[in-house]
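Trainee: Could we go through this model together before I set anything up?
Mentor: Gladly, let us take the strands and then the rings.

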Amino acid sequence: MKAEAKAEAAPAGGGSKKKLIIIIVAVLILAIGGGAGAYFMLKGHDDTSEHEEEPVKKKSKKKKKEVGPPVYVPVEPFTVNLQPEEGEQYLQLAFTLQVGDAEQSEVIKNNMPKVRSRILLLLSSKKASEINTPEGKQALSKEILEQVNQPFEDHGDEQEVSEVLFTSFIIQ
C-alpha cells in the first residue's frame with residue numbers, strides 16, 4: 001500500500017504542478033493581453049480623440065487668419081484746428097485702419113460717425129509741436145488706436161483694430 005500511495009501521490013503532485021503552471025501561464029497571457037489591449041485602445045483613443053483634434057482645428061483657424069490678406073478700412077480725411085501755439089495752425093490728416101477681418105470692417109464702417117467724432121475730439125486737443133516729430137506721430141497713432149478700439153456700445157466688445165496707417169499728414 002505504501003507503494004500505491006506513493007504512485008498516486010506522485011502523479012497527483014505532478015498533476016498539480018502542471019495545473020499550477022497552466023494557471024500561471026494563463027494568468028500571464030491574460031495580463032499581457034489585457035495590458036496590450038488597454039495600451040492600444042488608449043493610444044488609439046488619444047490619436048483620434050477630440051482633445052487633440054480641436055487644438056489642431058484652432059491652430060489652423062488662427063493660421064488662416066494670419067495667412068489671409070489684411071483688411072483695411074479707409075477713413076475720410078480730417079481737417080482740424082490745433083491748439084494755438086504760434087498763431088492759428090491746422091492739421092489735415094488721412095489714415096487707414098487695419099482690422100482683423102471683414103466682420104470687424106463692417107462694424108467700423110457702420111459706426112463711422114462715432115469713430116470720426118472720437119478722432120476729431122482727440123486731434124483738436126493736440127498742439128502742432130506734440131505731433132510734428134516722428135515720435136509724436138507714433139504716439140498719436142497709438143492714441144487713435146485706443147479711441148477706435150473702445151466699444152461702441154456700453155458693455156460691448158472692443159474692436160479688433162491692429163494698426164493705424166497714416167496716408168496724409170499736413171500741419172500748416
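**Sheet and rings**

Mentor: In this predicted model, three strands form an open sheet in the order β1-β2-β3, and their pairing is antiparallel.

Trainee: Which strands stand at the edges?

Mentor: Those are β1 (71–81) and β3 (161–171), each of which has a single partner strand, so one side of each is left without a neighbour in the sheet. On average, and ignoring direction, neighbouring strands here are turned by 20° against each other.

Trainee: And how many bridges join β1 and β2?

Mentor: Nine bridges, with β2 covering residues 90–99 and the two strands pairing in the antiparallel sense; Val80, for instance, has Leu91 in β2 as its bridge partner.

Trainee: What about helices, which strands does α3 lie across?

Mentor: Helix α3 (residues 102–110) lies across β1, β2 and β3, and runs at about 25° to β1. Helix α6 (residues 134–149) also packs on the sheet, where it touches β2 and β3, and its direction makes about 130° with that of β3.

Trainee: Switching to rings, how many aromatic pairs are there?

Mentor: There are two. Phe78 and Phe95 have ring centres 6.0 Å apart and planes at 5°, so this pair is stacked, and because Phe78 lies in strand β1 and Phe95 in strand β2, it ties together parts that are 17 residues apart in sequence.

Trainee: Is Phe78 buried or exposed?

Mentor: Phe78 counts as buried at 3% relative accessibility, and Phe95 counts as buried at 1%. Arg116 lies over the face of Phe78, at 4.2 Å from the ring centre.

How values were computed: Residues are numbered from 1 along each chain as its sequence is written. This is a predicted model: local features need pLDDT of at least 70, side-chain atom pairs count only at pLDDT 80 or more; totals for chains, interfaces and linings use all residues. Side-chain values use heavy atoms; hydrogens and water are left out. Two strands pair if DSSP finds at least two bridges between them. Helices (H or I, at least four residues) and strands (E, at least two) are DSSP runs, numbered from the N terminus. Axes are lines fitted to C-alpha atoms, for helices over the stretch in contact, and angles run from 0 to 180 degrees between N-to-C directions. Contact means heavy atoms within 4.5 Å. Rings of Phe, Tyr and Trp (its six-membered ring) pair if their centres lie within 6.5 Å; planes under 30 degrees apart count as stacked, over 60 as edge-to-face and the rest as tilted. Buried means under 20% relative accessible area, exposed over 50%, partly exposed in between (1.4 Å probe, protein chains only). A charge sits over a ring if NZ of Lys or CZ of Arg is within 6 Å of the ring centre and within 35 degrees of the ring normal.
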